[in-house]
Amino acid sequence: MMAAQQDNSVRKLRTLFISDVHLGSKAAKTDYLLDFLRHHEAETIVLVGDIVDGWRLKRSWYWPQNCNDVVQKLLRKARKGARIVYIPGNHDEFLRDFPGVHFGGIEVAQRYMHEGADGRKYLVLHGDEFDVVVRNARVLAYLGDWAYDTAIAINIGLAAVRRRLGMPYWSFSSWAKLQVKHAVNFIGEFQKVVAEEARRHDAQGVICGHIHHAVIEEIGDIRYINTGDWVESCTAIAEHHDGTMELITWHQMRGGASEGEASGEADKLLAQLLTQRAA
Ligand SMILES: [Mn+2]
C-alpha cells in the first residue's frame, strides 16, 4: 500500500486538533488517520469529539485492527510526552460521565480553553449542544437568552433520555445534507451560534467539530475553526509554534488511487451515510 516515493518527514507542531473519526463505523478512514499521525507530532493533541462511534458499536460491533492501531498510536504519543485531551462528542458521550478522568495518559474534559502561542484564547468544544438552537434559530432569537439556555439544557437532557432508550442521536451533518438546499444556511447558523458561545466565554476563537465541515474563518471578531472529519474529508487543524492555525487535508495515501476512484468512493460513502441515517 505504501508507495516507494512515500514522504517520511514528520512535522512538529504545537497543537493538533482532530475530531469526528467515528471509529467503529465502516466509513472511518483509519488508514488515512494512521498515516497522518505517523507524519505529525504535537506537544498537545486535542480530540474534539466523536472519535469513537458508540452509537454504531451498540448496534453492531465493528472494531477491526485498524481501530486498535489508532488508539495504540495515540496512547504511544501520550507515553512519549504529548498531552492528550479528549472532549467527548454526542457519538462518544458515554465518556461525558468521566470529566477529569485520565486513562492511559489521556484526560477527558467537557470543554477546554486553549491558549494559543499568540495569546489568543480558543474555546474548544464538540458542538452538538447547539443542534437545537440551530434548528430553531429564528424562534429562539425571538424568545431571547432564557429560552436559548433552556433549549440547550433540554437538548442535553433529551439526548440522555434517547441514549437510555437506545435511540440514535439526531445527526446535524446528515440532517443538513438531507436538506441540501438549506445546508449552507444551517452551517452558517451553527457557526454563528458557536462563535457567540466563544464570545460569552471571553475567548477570541472557537474550535469545534460535529458538522463535518472543516474551515478557518473570521466571524466578526471571533475566529471560527472547525476540525472537519475522518469519514469523508480527512482533515485536521494544526497550530504552529507561532500560533498560526493551518487546516490540513490529508491526501498522502491517495497517491496510488486515481481521482475517479477516490471521488466514487466519497459518493458511495455519502449515499451510505444518508441511507443509514434515514433508516
Ligand atoms: Mn457529533
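The legends below describe close-up views of a predicted model.

**Figure 1. Overview of the protein chain.** The predicted model contains nine helices and twelve strands. Of the 279 residues in the protein chain, 34% count as buried. Among contacts with a separation of 6 or more, 70% are made by residues 24 or more positions apart.

**Figure 2. The open sheet of five strands.** The strands follow the order β6-β7-β8-β10-β9, and their pairing is mixed. From one strand to the next, the twist averages 20°.

**Figure 3. Strand β8 and its two partners within the sheet.** Strand β8 comprises residues 205–208 and is covered on both faces. G205 and I207 lie on one side, V206 and C208 lie on the other, and all of these residues are buried. Strand β7 (residues 121–124) pairs with β8 in the parallel sense over three bridges. In this pairing, V124 stands opposite I207 of β8, while L123 has V206 of β8 as its bridge partner. Strand β10 (residues 222–226) also runs parallel to β8, and four bridges join the two. V206 has its bridge partner in β10 at Y224.

**Figure 4. Strand β11 between β1 and β12.** Strand β11 covers residues 235–239; four of its five residues are buried, so the strand is largely enclosed by the rest of the structure. Strand β1 (residues 11–18) pairs with β11 in the antiparallel sense, over three bridges. Strand β12 (residues 245–249) likewise pairs with β11 in the antiparallel sense, over five bridges. A238 takes part in both pairings: this residue of β11 is the bridge partner of L16, and A238 also stands opposite E246 in β12.

**Figure 5. The hairpin of β11 and β12.** Five residues lie between the two strands of this hairpin. Within the hairpin, G243 takes a positive phi near 95°. The strands themselves, β11 and β12, are joined by five bridges in the antiparallel sense.

**Figure 6. Packing of helix α1 against helix α3.** Two packed helices are described by the angle between their axes and by the distance between the axes. Helix α1 (residues 30–38) and helix α3 (residues 65–79) pack at an angle of about 25°, and their axes are 9 Å apart. Because this angle falls under 35 degrees, α1 is roughly parallel to α3. The crossing of the two helices is left-handed. On the α1 side, the contact is made by T30, D31, L33, L34 and L37; on the α3 side, by N66, C67, D69, V70 and K73. The contact residues divide into five nonpolar, two polar and three charged.

**Figure 7. I187 in helix α8.** I187 is found in helix α8, which spans residues 180–200. This residue has 19 C-beta neighbours inside 10 Å. A residue needs 20 or more to be buried, and I187 therefore counts as partly exposed. I187 and H212 are 25 residues apart in sequence, and their C-alpha atoms are 9.9 Å apart in space.

Notes: Residues are numbered from 1 along each chain as its sequence is written. This is a predicted model: local features need pLDDT of at least 70, side-chain atom pairs count only at pLDDT 80 or more; totals for chains, interfaces and linings use all residues. A residue is buried if 20 or more other C-beta atoms lie within 10 Å of its own, exposed if 12 or fewer, and partly exposed in between; C-beta atoms are placed from the backbone. Two strands pair if DSSP finds at least two bridges between them. Axes are lines fitted to C-alpha atoms, for helices over the stretch in contact, and angles run from 0 to 180 degrees between N-to-C directions. Angles under 35 degrees count as roughly parallel, over 145 as roughly antiparallel, 65 to 115 as roughly perpendicular and the rest as oblique. A crossing is left-handed if the near helix is turned anticlockwise from the far one by less than a right angle, and right-handed if clockwise. Two residues are in contact if their C-beta atoms, placed from the backbone, lie within 7 Å. Ala, Val, Leu, Ile, Met, Phe, Trp, Tyr, Cys and Pro count as nonpolar, Asp, Glu, Lys and Arg as charged, and the others, Gly among them, as polar.
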